[in-house]
Amino acid sequence: MQALFPYDRYESLNERYTIYYPASEEPLARWVQERIDRAAEQLTGLLKVTLPDFEVLVVSTPDWELAPHSGAEELDTPHPYMTDITTPPTLVIPLEIDPIFGEATPEKFAFMLYHELVVAFLEEDARPWPEESPLWADEWQFKFAALWLSQTLDHVQGVVNKDVHEQYADAFEPEADGKTPITVRGFDWFEDTNAEDFLTYELLLEQFAADLLARYDISVLPRFLTEYRVERDEFLSDEVTALLVRALGPGSDAWLEELVYF
């Protein structure tokens, strides 16, 4: 059983949603509020979904182990995450992200917030999710929309995590079969998956999002969702690829297959 979080020691902002924060961190809380509000406006226009019901909790480092969480991995590598263990769900934000994510730039921090907000908006969409689908089928959507927000709102060029991409450059080198050791479609998450392998997968997804946005635009996502968010027991990976090809348009199948990490 999780220990109770000491909300009584925190200040709060009560706007469209409540933000709890350490007393000394009001500037950060207002910065977070501004990023969420701007991103929510963009996502409402894109997805035709209203702002989901949630709270925001900015957690001081000494209180991090007490933060509400759905799984231990959320606390093991501090980063912003959304948990539904609370009612309403809570966007939990550490004051310091784990060093594995590289330099904690404002753009990178905002990108992490956008990712969790995209997840919340897509969960708010009333259309059903398929019962079973490959990991990448959902994950590419979150990364694609989050990077679109970073490029639109924060004027990011290409990927956000440039320093970490450089650090993991070997992950983008193809092997004898012409594909990278970990691919977007081939990766799956298990309980014993280590943080570095998952980070590599996240970097591949971010590069995929950047390459998509360089060639196409954000309208790809609503088109994809029209066919993906349906009552269905299972989508296989090849079937999801076919949906994406239809959303992208003619010639995209060959382009996708040329991506060494896809």
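His155 is found in the loop between helices H4 and H5, helices (H or I, at least four residues) and strands (E, at least two) being DSSP runs numbered from the N terminus. The phi of His155 is near 60°, a positive value in a residue other than glycine, and at 62% relative accessibility His155 counts as exposed, where exposed means over 50% relative accessible area, buried under 20% and partly exposed in between (1.4 Å probe, protein chains only). This is a predicted model, in which local features need pLDDT of at least 70 and side-chain atom pairs count only at pLDDT 80 or more, while totals for chains, interfaces and linings use all residues. Residues are numbered from 1 along each chain as its sequence is written, and side-chain values use heavy atoms, with hydrogens and water left out.

**Backbone geometry in loops**

- Lys48, in the loop between helix H1 (26-47) and strand E3 (55-59), has a phi near 60°, which is positive in a residue other than glycine, and Lys48 is exposed, with a relative accessible area of 70%.
- The peptide bond from Thr87 to Pro88 is cis, with omega near 0°, and Pro88 lies in the loop between strands E4 and E5 (90-94).

**The loop between H5 and H6**

- Thr183 has its place in this loop and counts as buried at 15% relative accessibility.
- Not counting residues up to four places away in sequence, Thr183 touches Tyr201, Leu204, Val260, Tyr261 and Phe262, contact meaning heavy atoms within 4.5 Å.
- Glu175 lies in the loop between H5 and H6 and is partly exposed, with a relative accessible area of 47%; Glu175 and Glu73 are 102 residues apart in sequence and 30 Å apart in space, C-alpha to C-alpha.

**Largest pocket**

- The largest pocket has a volume of about 1,500 Å³; on a 1 Å grid over the protein atoms alone, a pocket is an open set of points where a 1.4 Å probe fits, with protein on both sides within 12 Å along at least five of seven lines, and lining residues have an atom within 4 Å of a point.
- Of the 43 residues that line the largest pocket, those closest to its centre are His79, His115, Glu116, Glu139 and Phe198.
- The largest share of the lining, eight residues, comes from H3, and the elements that each supply at least two residues include helix H2 (72-76), strand E4 (81-83) and helix H6 (195-215).

**Salt bridges**

- A search of the whole structure finds ten salt bridges, each a side-chain nitrogen of Lys or Arg within 4 Å of a carboxyl oxygen of Asp or Glu.
- The side chains of Glu202 and Lys143 meet in one of them (2.4 Å, N to O); Glu202 lies in helix H6 and Lys143 in helix H4, so the pair ties together parts that are 59 residues apart in sequence, and both residues are buried.
- Glu257 forms a salt bridge with Arg185, the closest N and O atoms being 3.3 Å apart, and this pair links Glu257 in helix H9 to Arg185 in the loop between H5 and H6, 72 residues apart.

**Helix H8**

- The twelve residues of helix H8 (residues 237-248) should span 16 Å at 1.5 Å a residue, which agrees with end C-alpha atoms 16 Å apart, the expected span being 1.5 Å times one less than the number of residues.
- The buried residues of H8, among them Val240, Leu244 and Leu248, are covered by elements including H4, H6, helix H7 (220-228) and helix H9 (252-258).
- H8 is followed by Gly249, whose phi is positive, near 110°.

Methods: Points joined across faces, edges and corners; volume = space filled by probe spheres on them.
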